[in-house]
Amino acid sequence: MIQTIGGGMEKELETEYNLLATAPLAAKWIKDHRKFTEKEVEEYSKLYPVQFEYTAKMTIEDIVKLLSRHRNSMVYGKQIEVVLSPDGISWLEETLPMIKRVAFKASETKAPR
């Protein structure tokens with residue numbers, strides 16, 4: 001289940017639309033068969049911190065569900081179709097665990113010792 005970051009439906013919707021705004025970038029990476037290193041994922045976590053944190057809390061099923069609701073979007077529909085394609089799902093299956101590992105490492109370094 002998708003969790004809100006700051007609590008409240010308004011914040012969740014704002015975060016959801018921030019995540020949708022990365023669909024064109026993700027679609028380009030998928031079309032280009034872009035594979036990431038953990039170092040690159042760390043860099044993207046700094047460029048897109050809200051989207052990164054939100055995505056790290058999601059499952060593939062959550063992402064598919066969220067994107068499917070916006071499949072007919074005039075703004076992001078074509079890019080969402082790429083992400084929901086078999087190549088896109090494979091890319092997500094490969095990339096999401098790396099996002100989660102990087103997020104976990106980041107949370108460990110922030111934790112008080």
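Where is the place of H33?

1. H33 sits in the loop between α2 and α3 (38-47). This is a predicted model, and the remarks below should be read with that in mind. The backbone at H33 has a positive phi of about 55°, although the residue is not a glycine. Most residues other than glycine have a negative phi. H33 is exposed, because its relative accessible area of 58% is over the 50% limit.

2. On the overall fold: the secondary structure of the protein chain consists of seven helices and zero strands. Read from the N terminus, the order of elements is α-α-α-α-α-α-α. The protein chain has 113 residues, of which 35% count as buried. Of the contacts in the protein chain between residues at least 6 apart in sequence, 76% join residues at least 24 apart.

3. On the core: the largest nonpolar core comprises 27 residues, and V41, L66, L67 and W91 are those with the most contacts inside it. At least two residues of this core come from each of α1 (9-20), α2 (23-31), α4 (49-56), α5 (60-69), α6 (77-84) and α7 (86-110). With six residues, α7 gives the most to this core. As general background, nonpolar side chains in soluble globular proteins tend to be buried together.

4. Not counting residues up to four places away in sequence, L67 touches L20, I80, V83 and L84.

5. How do the axes of α5 and α6 cross, and at roughly what angle? They come within 10 Å of each other and cross at roughly 150°. The angle is over 145°, so α5 is roughly antiparallel to α6. The crossing in which α5 passes α6 is left-handed. By class, the residues of the contact are five nonpolar, one polar and no charged.

6. V64, in helix α5, deserves a separate remark. V64 is partly exposed, since its relative accessible area of 27% falls between the 20% and 50% limits. Setting aside residues up to four places away in sequence, V64 touches L84 and I89.

7. I89 belongs to helix α7. Its contacts, leaving aside neighbours within four places in sequence, are with V64, V83 and L84. I89 and I60 are 29 residues apart in sequence, and their C-alpha atoms are 8.0 Å apart in space.

8. Helix α6 also meets α2. The axes of α2 and α6 come within 8 Å and cross at roughly 45°. The two helices are therefore oblique to each other, and α2 passes α6 in a left-handed crossing. The contact involves A23, P24, A26, A27, I30 and K31 of α2 together with Q79, I80, V82 and V83 of α6. Its residues divide into eight nonpolar, one polar and one charged.

9. Apart from neighbours within four places in sequence, W29 is in contact with R34, F36, Y44 and W91. W29 and W91 are 62 residues apart along the chain, and 8.8 Å separates their C-alpha atoms. W91 is also among the residues with the most contacts inside the largest nonpolar core.

10. The last point concerns a glutamine in helix α4, Q51. Q51 counts as buried, with a relative accessibility of 14%. Not counting residues up to four places away in sequence, Q51 touches N18, L19 and T22.

Terms used: Residues are numbered from 1 along each chain as its sequence is written. This is a predicted model: local features need pLDDT of at least 70, side-chain atom pairs count only at pLDDT 80 or more; totals for chains, interfaces and linings use all residues. Side-chain values use heavy atoms; hydrogens and water are left out. A nonpolar core is a set of buried Ala, Val, Leu, Ile, Met, Phe, Trp, Tyr and Cys residues joined through side-chain atoms within 4.5 Å. Buried means under 20% relative accessible area, exposed over 50%, partly exposed in between (1.4 Å probe, protein chains only). Helices (H or I, at least four residues) and strands (E, at least two) are DSSP runs, numbered from the N terminus. Contact means heavy atoms within 4.5 Å. Axes are lines fitted to C-alpha atoms, for helices over the stretch in contact, and angles run from 0 to 180 degrees between N-to-C directions. Angles under 35 degrees count as roughly parallel, over 145 as roughly antiparallel, 65 to 115 as roughly perpendicular and the rest as oblique. A crossing is left-handed if the near helix is turned anticlockwise from the far one by less than a right angle, and right-handed if clockwise. Ala, Val, Leu, Ile, Met, Phe, Trp, Tyr, Cys and Pro count as nonpolar, Asp, Glu, Lys and Arg as charged, and the others, Gly among them, as polar.
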